[in-house]
Amino acid sequence: MIRRISSFRARTLGTLCALLLTSAAWADAQSDYADHCASCHGDTRLGGVGPALIPETLKRMRGPRVAAVIAEGRTATQMPAFAHNLNALQIEELAGWLKSPLETAPDWAEADIMASRTLDADYVEIDAPVWSSDPMNITLVVETGDHNVSVLDGDTFEVLDRFETPFAVHGGPKFSPDGRYVFIMSRDGWVQKYDIWALQQVGRVRAGLNSRNIAMSGDGKWLAVANYLPNSLTLLSTRDLSVAKVIEIKSRKGNPSRVSAVYQAPPRESFVLALKDVPEIWEVFYGANPPQSGLGHDFRIEGQFKNPNPFPVRKITTPDYLDDFFFDQTYEYVMGASRDGNGGQVIDLVIGQKVADLDLPGMPHLGSGITWRRGDTTVMATPHLTDGTVSVIDMETWETVKRIKTEGPGFFMRSHENSPYVWADVFFGPNKDVMHVIDKKTLEIVRTLRPAPGKTVAHVEFTKDGSHALVSIWEDDGAVIIYDAKTLEEFRRLPMRKPSGKYNVWNKITFSEGTSH
Ligand code: DHE
């Protein structure tokens, strides 16, 4: 089943692309696609053995990179070079067409999701880990260079396993509450379940066609998958990756929206969703006793009284769009950054209303914000994506405590309860090889590390006890550098293929204050 894309944005983009490519060139590109690409990437460009080739995915490849990959292929993947089959103009036209929006928006309903599911026949559940490491100090390293994950013993830093993931993993993998299983999501909507005890994949399912991130329910039973394409939230059973429900995202006024991100709010037994295209924030309850409707000013729960509906939805209208957000420790307050990158707002989930404005310019990346106790209050720090600043906000008064000047826009931050420091990277610009270490008390930068001059150095994760910090050299022939978190001296370097995020089981399942959730 397909449905016409109706959004103005898609039409405008389509018109622009059509103006750039003549109709003859467009037809040629489609025919070249059918001849050379469709067998791997699917007749509809939505992926097959190869990833989806749609603007939602390709816009991340800037400038001529799409054409370069068609011409030269992609190392460490099955993507061959086509420079011998297609001339430069054909490649240009094909790249242009691939970046144009799909003419019809595909549905991806429960039956499609279930049909995509594979459970590994040779997977057997076992009673104890096949290794003798501390199960709580296992750390996963996502290696985006060749789409693998390395499983590290957090004490010895020995690699216990290295397994293949779906193409282009994004966002933090989510662990089951006992730390035994991990769920990993790719931008093409694939969700992989892996058993860390058995060092074996359990199965995979395509929960969406273009997805943002996943969240695990507090009871470990459900996995929520936030999708851009289609406009939906998919709820999976963590046991066997079967579909529990697909929720179509339509605002209170009936307007469709992409889901920017989904997070779990354990004390509320709910998932909370940031919506990209409508000024609403949604709460989807998975617990046995969702709150009754009519509690607050703008509070509406759908479906609750039409049970059996196991996932009632609450829609809260917000004064502005909330592209991404951050919870306080009680999970009552949501701090959201506005879509235009100017400022933000605090929404009280209990009363369903905005209670404060935030002074947050520079497009803060709230998804990677962290908190810590400072004096008699709790502060939250977030990097800015468009300027060299880390904003620190008091979570009681919502005032900005400090704007720390850094050597460029950053992406990720991390700390640990046992560390006096916060680590903040510089991801963009000439100083992308810099990692700042900030004192949690004084909010001053106390050390600026430059372990691999000229290379991107980013993202930090701590070991369970906070004694070591793991930093990525985010390059194809990269490495994970292990630092002594006290002396800030390099301890070891493990070669890795473009390592991106690193995730320690203990820090994640205990919601360590120094980690993003
Ligand atoms: Fe991410 C996490 C959004 C681009 C690597 N990123 C997240 C989260 C969100 C988000 C909402 C938190 C989800 C979670 O962990 O459950 N990211 C966005 C964007 O909106 C943005 C700016 C544009 C986009 O293309 O989607 C974006 N992100 C990137 C990248 O270009 C990165 C650097 C490379 C990549 O692999 O795509 C990137 N994002 C990451 C990583 C995390 C992440 C490694 C998990 C961090 C963590 O420690 O939890």
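In the predicted model, 5 strands form an open sheet in the order 3-10-9-8-7, with antiparallel pairing; strands here are DSSP runs of E with at least two residues and helices are runs of H or I with at least four, both numbered from the N terminus, and two strands pair if DSSP finds at least two bridges between them. Strand 3 (118–119) and strand 7 (174–175) stand at the edges with a single partner strand each, so one side of each is left without a neighbour in the sheet. Strand 7 is joined to strand 8 (residues 181–185) by 2 bridges, and these two strands run antiparallel; the bridge partner of Lys174 in strand 8 is Phe183. The loop between strand 6 (159–164) and strand 7 holds His170, whose NE2 atom, 2.2 Å away, is the single donor from the protein to the iron atom of the ligand. Donors are N, O and S atoms within 2.8 Å of the metal (3.2 Å for Na, K and Ca), and water is not among the atoms, so sites may look incomplete.

The model is predicted, so that local features need pLDDT of at least 70 and side-chain atom pairs count only at pLDDT 80 or more, whereas totals for chains, interfaces and linings use all residues. Residues are numbered from 1 along each chain as its sequence is written, and side-chain values use heavy atoms, with hydrogens and water left out.

A further open sheet, of 4 strands, has the order 20-21-22-23 and antiparallel pairing. Its edge strands, strand 20 (322–327) and strand 23 (353–358), each pair on one side only, and the twist averages 30 degrees from one strand to the next. Between strand 20 and strand 21 (residues 333–338), which run antiparallel, there are 5 bridges, and Phe325 has Gly336 in strand 21 as its bridge partner. Strand 24 (residues 370–374) and strand 25 (residues 377–383) also pair in the antiparallel sense, over 5 bridges, with Ile370 opposite Ala381 in strand 25. The hairpin of these two strands has 2 residues between the strands, and Gly375 takes a positive phi near 65 degrees in it.

Helix 5 (residues 88–98) packs with helix 4 (residues 65–72) at an angle of about 125 degrees, with the axes 9 Å apart; axes are lines fitted to C-alpha atoms, for helices over the stretch in contact, and angles run from 0 to 180 degrees between N-to-C directions. That makes helix 4 oblique to helix 5, given that angles under 35 degrees count as roughly parallel, over 145 as roughly antiparallel, 65 to 115 as roughly perpendicular and the rest as oblique. In this contact (heavy atoms within 4.5 Å), Val66, Ala67, Ile70 and Ala71 of helix 4 meet Ile91, Glu92, Leu94, Ala95 and Leu98 of helix 5. Helix 2 (residues 23–41) packs against helix 5 at about 90 degrees, with the axes 9 Å apart, which makes helix 2 roughly perpendicular to helix 5.

Two local backbone features remain to be described. A cis peptide bond with omega of about -10 degrees joins Leu229 and Pro230, and Pro230 is found in the loop between strand 12 (222–229) and strand 13 (232–237). Glu269, although not a glycine, has a positive phi of about 50 degrees and is found in the loop between strand 15 (259–265) and strand 16 (270–275).
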